[in-house]
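Let's take a walk through a protein model together.

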Amino acid sequence: MKALARYGKEFGGYRMIDVPVPEVGEEDILVKIRAAAICGADMKHFRVENGSDEFNSIRGHEFAGDIVKVGSKVKDWHVGQRIVSDNSGHVCGTCPSCEKGDFLTCPEKVNLGLDNNRWGGGFTKYCLIPGEILRIHKHAIWEIPENLDYEDACVLDPISNAYKAIAQRSSLLPGQDVVVMGTGPLGLFSVQIARIMGAVNIVMVGLEEDTKTRFPVAKELGATHVVNGSKEDVVARCQEICGKENLGLVVECSGANIALKQAIDMLRPNGEVVRVGMGFQPFNYPINDITTWAISIIGHMAYDSTTWRNAIRLLENGDVRVQPMITHRLGLSEWEKGFDLMAKKEAIKVIFTYDFDDED
């Protein structure tokens, strides 16, 4: 079968390669991929060639599909079930994070479809769910409700990320305001969770290149205002919209240092920044200002099983919408086109389906 793989330890090196169908052990599950989505974590390696021939991983950690084979000792799952993976492939099972079921903050975690994993991900035809993870983490996969299709289900990872960032990590109360910085899927799902949580003003902050595609979708999904950071004073405009007393939460999804600074500067005293986005530059900010105004900067990573249970119910009930965010559906053979559309911000969510003519 074909698979989109990444090479090298640090950045870059995507190649479409031939790989064997995974062998299924006595506790393993084999999933036929029906839909897989590009994530921002995939984009950071696009066109960053490193010349390495060291295999890293088969990519694609947002995926859903059908169980087509189970090992002889598998009891909880059967062939024919429609499932979605939470992308965990290995955890230690004994650290404090694992003890509380927060598996994706385990120091030893290995993600399916992300870096340095041996099982693969969704940018191929079949993916192995290792029995080891299912022994430790019963909700490493979830059955897809009947009324949801595969492309809705495959993006439950970013939905769950947004849910936990706001509903579980922040102190947001109904009647308060929220600013969401960053117009990618995490930002757009955060807009929806803020709406569900009862925020009054929901302000999405983006850049000039977001005005054509992403700002209209943000408004459709619940943003009451959009702010163009390329042309407007972000701090002043957000405080004008919300009023300084109401702005208690900023969800920072872009990963840009300037956005994090703006987030801190616009908050009222005792406000919170939940930092969802990832950046790679040092952040130079006067720490005394954070102390003086009792600002909380909350790091966010992933989700837990409670998150997934509730996110699935919201998606099933129609409270969270995916379809307005799916701008392109492509065969996996067109992977470069999909990545290019994402890089140009002409796409919000690109869904791949396997379209190579292999023998089963």
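Predicted model: local features only at pLDDT ≥ 70, side-chain atom pairs only at ≥ 80, totals over all residues.

To find Ser52 yourself, go to the loop between α1 (40–43) and β4 (55–58). Ser52 has a relative accessible area of 18%, so it counts as buried, the cut-off being under 20%. Leaving aside residues up to four places away in sequence, Ser52 touches Tyr7, Gly8 and Arg15.

Now step back to the whole chain. You can trace twelve helices and 18 strands in it. With a radius of gyration of 20 Å, close to the 21 Å that the globule rule gives for 360 residues, the chain is as compact as a globular protein of that length. Of those 360 residues, 58% count as buried.

What lies inside? In soluble globular proteins, nonpolar side chains tend to be buried together. Here, the largest nonpolar core has 53 residues, and Leu156, Ile159 and Met204 touch the most other members. Several elements give two or more residues to this core, including β3 (29–37), α5 (156–169) and α11 (305–316). The largest share, six residues, comes from α5. Follow Leu156 and you will meet Val84, Trp308, Ala311, Ile312 and Leu315, again not counting residues up to four places away in sequence. A second, separate core has 49 residues, among them Ala3, Leu30, Ile38 and Cys98.

Terms used: Residues numbered from 1 in each chain as written. Heavy atoms only, no water. Core = buried A, V, L, I, M, F, W, Y, C linked by side-chain atoms within 4.5 Å. Buried < 20%, exposed > 50% of the residue type's maximum accessible area, 1.4 Å probe, protein only. Helix = DSSP H or I, 4+ residues; strand = E, 2+ residues; numbered from the N terminus. Contact = heavy atoms within 4.5 Å. Rg over C-alpha atoms; globule rule 2.2 N^0.38 Å.
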